[in-house]
Amino acid sequence: MMSDSSRRIRMRAAGLLTGTALLAATAACGSGAAESAGGTGGAGGGRPEVTAALYPLQWLAERVGGGDVTVIGLAEPGVEPHDLELTPAQVAGLEKTSLVAYVKGVQPAVDEAVEQHAADRGFDAATLVKTLAAEEHAEEGHGEEGHAEEEHGHEVSYDPHLWLDPSRFATVATRLGEKLAAADPARAAGYRERAAKAAADLTALDGELAQGLADCASRSIVTGHEAFGYLADRYKLKQVGISVDPDAEPSPARLAEVAEVAKREKVTTIFTETLVSPKVAEVLAQEVGATTAVLDPIESRPADGDYLSAMRQNLTTLKKALSCP
Ligand SMILES: [Zn+2]
């Protein structure tokens, strides 16, 4: 109800390390599989391994780590990451990884596995920036604060989609550079240099978005699930989410409410997402006389390009939909 993390968790893998999983972990250690993925580390060079729980952090770890780290991604391309379930081998991998980059609240399975298997090596991006409160729909009412948390210890009261504000993500880049520099002092200068470059790219992107969205005829964005709170906050747009949860069917009452807002604010475009069925958005668009367009929450690796190019594509889409000069 409060964020997409409030979905139920199917998280049995972390608790049940089976004999097979233990064997797999042992085999992986013995063969040095973790060290085999390219770069300049040399035989048994002790290159740090960064496990990235979702695509934006994987992109960042690759940028900041360069050839000095091995980056392991947990999320499958094209799979809605909130639903991620970890294999026993992935959970076992957390026991030996140097750092787990994640955003607590996005993937309940990861949150739980980090707590159980890598509590001392977690790099939670949500602890590094000022988070925004999770959006609450008016109909869902008041007095529910803390409700989700009571149901499950891993749920969070903030909106976890912080990578959609490049200025916050630049802070994460800098902090990741510092973290890797501390963990691998021999190569500290390289981590700091690449982190500074990544942060500069993100700051430049932030400037493009700020400029591109400064003078738009409309400032309301109707989105599929409420992933764009940080983007809306940073660039002074108003997000109207059809649903908090990417999988849940919105209630008729919520749909009627969104339709009313869309008509009142003369919304011309209802946004859909890459990984979520556009059906509801299409019905809504037809009802209010709008078209649909894809806005990518970048929760998974884009089909083409990377984080930066996907954000620039989002800017192009927004400028068209909101009639920005
Ligand atoms: Zn999401």
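**Entry 1: the bridge at alanine 101.** I looked up the bridge partner of alanine 101 and found phenylalanine 123 in strand 4. The model is predicted, so I note that local features need pLDDT of at least 70, that side-chain atom pairs count only at pLDDT 80 or more, and that totals for chains, interfaces and linings use all residues. Residues are numbered from 1 along each chain as its sequence is written, and side-chain values use heavy atoms, with hydrogens and water left out.

I then checked the pairing of strand 3 (residues 99-102) with strand 4, which is parallel and runs over three bridges. Two strands pair if DSSP finds at least two bridges between them. Strands (E, at least two residues) and helices (H or I, at least four) are DSSP runs, numbered from the N terminus.

Axes are lines fitted to C-alpha atoms, for helices over the stretch in contact, and angles run from 0 to 180 degrees between N-to-C directions.

**Entry 2: helix 7 and helix 11.** I found helix 7 (residues 188-212) and helix 11 (residues 307-321) packed at an angle of about 5°, with axes 10 Å apart. The two helices are therefore roughly parallel to each other, a term for angles under 35 degrees. From helix 7, Asp201, Leu202, Leu205, Glu208, Leu209 and Gly212 meet Tyr307, Leu308, Met311, Arg312, Leu315 and Lys319 of helix 11. I recorded the classes in this contact as seven nonpolar, one polar and four charged residues.

**Entry 3: the disulfide.** I searched for cysteine sulfur atoms within 2.5 Å, the criterion for a disulfide, and the count came to one. The disulfide joins cysteine 216 to cysteine 324, with S to S at 2.2 Å. The torsion about the S-S bond is about 100°, so the disulfide is right-handed. Cysteine 216 lies in the loop between helix 7 and strand 5 (220-225), and cysteine 324 in the segment after helix 11, so the pair ties together parts 108 residues apart in sequence.

I also checked accessibility: cysteine 216, at 12% relative accessibility, counts as buried, and cysteine 324, at 12%, counts as buried. Buried means under 20% relative accessible area (1.4 Å probe, protein chains only).

How values were computed
Angles under 35 degrees count as roughly parallel, over 145 as roughly antiparallel, 65 to 115 as roughly perpendicular and the rest as oblique. Contact means heavy atoms within 4.5 Å. Ala, Val, Leu, Ile, Met, Phe, Trp, Tyr, Cys and Pro count as nonpolar, Asp, Glu, Lys and Arg as charged, and the others, Gly among them, as polar. Buried means under 20% relative accessible area, exposed over 50%, partly exposed in between (1.4 Å probe, protein chains only).
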